[in-house]
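Hi,

Here is the structure I said I would pass on. Have a look at it first, and then read on for what turned up.

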Amino acid sequence: MIKIAVLSPIAWRTPPRHYGPWESVASNITEELVKRGHDVTLYATEDSKTAAKLNAVCPRGYEEDPDIEPKVWESLHISNLFEEADQYDIIHNHFDFLPLTYSSMTTTPIVTTIHGFSSPKIIPVYRKYNYKMHYVSISDSDRAKELDYAATVHHGLNIDEFTFKSASDDYLLYFGRIHPDKGTREAIQIAKECGMRLIIAGIIQDHPYFKKYVKPELVPGRIDYIGSVGPENRDTLLGNAMVLLHPIYFEEPFGLSVIESMACGTPVIAYNRGSMPELIIDQKNGYLVENVKEAVVAVKKVDQIKRKDCRSHIEENFTIEKMVSKYEDVYENVLTPKLNQILN
């Protein structure tokens, strides 16, 4: 048994009510570690739900309550952990780069899962603490050449939360942030050229983009925007879709919606960027394409994909159990030198 502190972000509740990928991953890891008998304390918002011990100072996620000033409560949240850090065997950080600047407050080893680089401008912080940190990438594609890594650990799902559907309805699905990087506009173009219905689900992260490129295209029953969808509706929406469209315009570090879709048996058509080749086997559980034209062709032959192959791919490679086993290996490798020092 290891005594572990898991530091989750506080933009959203852990686990999130609807959107919040980093909080979702932190929650999955925490709950599985508890199941395995580890002594786990989750540092998250006060309204978070967990089987672990919950240690919180921030009442709610700052994205859910405009009265919560992000930088103030982030500082209080992170310092709350590091003022107690010496009581743990290991700290697992999911809070990006800011906690690294607190790391000299403790000798407790810190594993940091890097959930992506929002900008190259943040890399100097990672580089400064490279000598003492244990970095984990979430895909092989999302590694900075300046940094050393303990491992790559792909995200995993609680497979029981996703129902396999052997048959689909006749709609295409876009499931993600409404933002140019995620290709909402291109998903609409693909659906229109295919003459098929498109359902768009996700938070609006770029309101001018939504107003200019998405809202004018909305036609009930043809192009529908249904807002952000929580876990209670996600399973049905993903499972009934003919295909998930993922026409990204950035080097996506992972893409939870991609594996969530396949867990339901729904294939994915994605632009061949970032981590997509690590998640999708082209022509086996989806298609990797370069543009709208190729995506339209892929939609027309999506019936060649066996939905059971999509599900099997997730069961074999992207479960919580596999993810946490790999993190346990990281913890063991990090702690072994310390244990040897104590024994000697």
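This is a predicted model: local features need pLDDT of at least 70, side-chain atom pairs count only at pLDDT 80 or more; totals for chains, interfaces and linings use all residues.

H7 covers residues 256–263, and eight of its eight residues are buried, so the helix is largely enclosed by the rest of the structure. After H7 comes Gly265, which has a positive phi, near 95 degrees.

What does H7 pack against? One partner is helix H10 (residues 307–317): the two axes come within 7 Å and cross at roughly 120 degrees. The cut-off for roughly perpendicular ends at 115 degrees and roughly antiparallel starts over 145, and H7 and H10 are therefore oblique to each other. On the H7 side, the contact is made by Ile259, Met262 and Ala263, and on the H10 side by Cys310, Arg311, His313 and Ile314. Sorted by class, that contact has five nonpolar residues, one polar and one charged.

Helix H4 (residues 184–194) and helix H5 (residues 207–214) have axes 10 Å apart and pack at an angle of about 20 degrees. That makes H4 roughly parallel to H5, as angles under 35 degrees count that way. The crossing of H4 past H5 is right-handed. H4 brings Thr184, Arg185, Glu186 and Ile188 to the contact, while H5 brings Tyr209, Tyr213 and Val214. By class, the contact of H4 with H5 has four nonpolar, one polar and two charged residues.

Now for helix H2, which spans residues 70–82. H2 has 13 residues and reaches 18 Å from its first C-alpha to its last, close to the 18 Å expected at 1.5 Å a residue. Which residues of H2 are buried? They are Glu74, His77, Ile78, Ser79, Asn80, Leu81 and Phe82. What covers them includes five strands you can pick out in the viewer: E1 (3–7), E2 (39–43), E3 (53–55), E4 (90–93) and E5 (110–114).

Asn80 has a relative accessible area of 12%, and the cut-off for buried is under 20%, so Asn80 counts as buried. If you set aside its neighbours within four places in sequence, Asn80 is in contact with Tyr43, Asn55 and Val57. Asn80 and Phe318, on the other hand, are 238 residues apart in sequence and 32 Å apart in space, C-alpha to C-alpha.

Last, a few backbone details in the loops:

- The peptide bond from Thr14 to Pro15 is cis, with omega near -5 degrees. Pro15 sits in the loop between E1 and helix H1 (21–35).
- Asp96 is not a glycine, yet its phi is positive, near 70 degrees. You will find Asp96 in the loop between E4 and E5, where it is buried, with a relative accessible area of 13%.
- Gln283 is not a glycine either, and its phi is positive at about 75 degrees. Gln283 belongs to the loop between helix H8 (276–279) and strand E13 (286–289). Is Gln283 buried or exposed? With a relative accessible area of 55%, Gln283 is exposed.

Cheers

Note on methods: Residues are numbered from 1 along each chain as its sequence is written. Side-chain values use heavy atoms; hydrogens and water are left out. Axes are lines fitted to C-alpha atoms, for helices over the stretch in contact, and angles run from 0 to 180 degrees between N-to-C directions. Helices (H or I, at least four residues) and strands (E, at least two) are DSSP runs, numbered from the N terminus. Angles under 35 degrees count as roughly parallel, over 145 as roughly antiparallel, 65 to 115 as roughly perpendicular and the rest as oblique. A crossing is left-handed if the near helix is turned anticlockwise from the far one by less than a right angle, and right-handed if clockwise. Contact means heavy atoms within 4.5 Å. Ala, Val, Leu, Ile, Met, Phe, Trp, Tyr, Cys and Pro count as nonpolar, Asp, Glu, Lys and Arg as charged, and the others, Gly among them, as polar. The expected span of a helix is 1.5 Å times one less than its number of residues. Buried means under 20% relative accessible area, exposed over 50%, partly exposed in between (1.4 Å probe, protein chains only).
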